[in-house]
Each structure stands twice: as C-alpha cells, then as structure tokens.
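Dear colleague,

I am passing on the structure below, and after it you will find my notes on what was found there. Please read them with the structure open beside you.

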Amino acid sequence: MRIDILTLFPQMFDGLFNYSIIGRARERHLVDIRLHNIRTYTHDKHHAVDDYPYGGGAGMVLKPEPVFEAAEAIKGELESPSVPVILLSPQGRLFNQEVARQLAGYQQLILICGHYEGVDERVVEHLANDEISVGDYLLSGGEVAAMVIVDCVVRLLPGVVGSEASLVEDSHTDGLLEYPQYTRPAVYRGWAVPSVLLSGNHSQIARWRRQQSLLRTAERRPDLLEKAILSKEDEKLMNEALRNQVVEGM
Ligand code: 9D3
C-alpha cells in the first residue's frame, strides 16, 4: 500500500513512522508512506497557506490552491484516479476498526491534514471523496488523526503483524474488552497474581479470563456488551461473576 500525506507539519510524523511496527513495515517495503508539505505548493512570495474567512470570524482558513495542487501532483503520479482522498476533519464520519479494515483494502490512500480553524469547503466538495474524524474531541490539527488512521491501517496489511498473532486476535475480538494480564513476579509489593493463573488448569484459566472480559465489558462498556453475541455459557459466567461481586462487596 502507498499512503501520501499532505500536511503543513511533515516533521510531526517522524516519531511514529520511524519506529516499532510502522517503522519495520516501511523497512520491509510493506507500506510506502510519503509526506508532502502543503507549503511547497504555494507560489506567492510569502508562501501563504491560509487566509481570513470570507464573511468574517475568528481564525484562519486553509487556502484551496496549494491543497489542490499538492493532491494533483500526487494523483498525477498514480495509476488510479479513483484513489481515496480523505480529509481529516471534525465533521467527518467516525473512524473505527471497520473503517480501518475498509481502508486497508485499497492500494493507495491520500490523507489531507487541515490545521487552523478549517479548510476551504471547495477542498471538501471537489477534491476529497471521504471525510473522517477520529473522535468527538478537538485536536489542534489533522496530523494526530492521520497518525491514528495510518497506525490502524498499516497493522492490518498482510505480513505487518505476524499472521499467527493477527489470526488469533481476529478470532478472539468478539467485541468484548480484554481480560487482565500478568507476568512475573507472582507477588509484587505484596500484590499477588490471581491464583487460578498459576494453577496450570487450562479450562479454569479460560473460564476465569472469559468471566473477566464479560465483567469488565459490562462495567465499563455496556454499549459493547449490547452488540456482542453471548453464548448460554457466557450468560452463566456473567451471572456467577455478578453474584460473586455482590458477595465480595459485602
Ligand atoms: C470545532 C472547532 N472548529 C470551529 C471553531 C475549528 C477547528 C478547530 C480545530 C477545526 C478543526 C480543528 C483541528 N482538528 C482536526 O483537524 C481534526 C480532528 C479533531 O479535531 N478531532 C477528531 N478528529 C479530527 S480529524 C481532524
């Protein structure tokens, strides 16, 4: 996959893209990520990328010309004119794992990061063919949102995360939160690891873990529990866990 990112701050991406999973995926040529500074596509002597909003109001608006020219320079190099051109904006559709899977199916992506108070609407109407937000909170620009999307999408590409691990992950992501994990030492500062995990009884361990997942999801993310498909056994585990909780709380 090739990902082109249009931004006023290409250096912001240096950390994420050069380390860990993304760094390794780039080294192994599993993904080709290219950063483009929108300012390079200005023609005036001040390299202006923003201007005052028509009609007045606070803040500055990203000008259309350099954004269009940057995107067209990239599209010119590409085979397919139907490549997704995604504007990161608080007005976009909400990003989630399903959107990530959808984007991971493309050969190329073009991401446009806005900054300032907004982007000229002609970019939305005539250049971008998708608009994505990463959540209902205000960032100072689209760069962090682009990093979120690139991170999620790249780890879905074949070979990036060990195929074994991803298969296991897929089969176990049934919409519940994960169970608590522990490693050595068995007792740290007097805090012991739950004894069932040291028992070697694998069916009991699986049962405990499932129960923890169910309980945590019920407590912290009831919205997820409503969507999850629970077995009869899950219902039993849940009821048992809730009973125990009540007793423990007494
Ligand atoms: C709602 C605030 N806007 C009207 C005053 C101005 C504005 C401020 C900051 C518009 C955009 C931004 C920068 N944010 C993004 O570019 C952005 C974003 C976000 O803030 N939250 C979640 N997802 C995204 S994707 C891009």
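Strand 5 and strand 8 pair in the parallel sense, with five bridges between them; strands here are DSSP runs of E with at least two residues, numbered from the N terminus, and two of them are said to pair if DSSP finds at least two bridges between them. This is a predicted model, in which local features need pLDDT of at least 70 and side-chain atom pairs count only at pLDDT 80 or more, while totals for chains, interfaces and linings use all residues. Residues are numbered from 1 along each chain as its sequence is written, and side-chain values use heavy atoms, with hydrogens and water left out.

Strand 5 also runs parallel to strand 6 (residues 108-113), to which four bridges join it.

In total, 15 residues surround the ligand, the closest being Glu117, Val134, Gly135, Tyr137 and Leu139; a residue is counted as near if one of its heavy atoms lies within 4 Å of the molecule. The shell divides into eight nonpolar residues, six polar and one charged, where Ala, Val, Leu, Ile, Met, Phe, Trp, Tyr, Cys and Pro count as nonpolar, Asp, Glu, Lys and Arg as charged, and the others, Gly among them, as polar.

An oxygen atom of the ligand, in turn, is 3.3 Å from a polar backbone atom of glycine 142. Taken alone, the ligand exposes 580 Å², of which the protein buries 77% (accessible areas come from the Shrake-Rupley method with a 1.4 Å probe).

Elsewhere, an open sheet of three strands has the order 3-4-7, with mixed pairing. Its edge strands, each pairing on one side only, are strand 3 (50-51) and strand 7 (118-119). Strand 3 runs antiparallel to strand 4 (residues 61-62), joined by two bridges, and aspartate 51 stands opposite valine 61 in strand 4.

Notes: A polar contact is a pair of N or O atoms within 3.5 Å; within protein, one must be able to donate a hydrogen and the other to accept it, and residues adjacent in sequence count only if both atoms are side-chain atoms.
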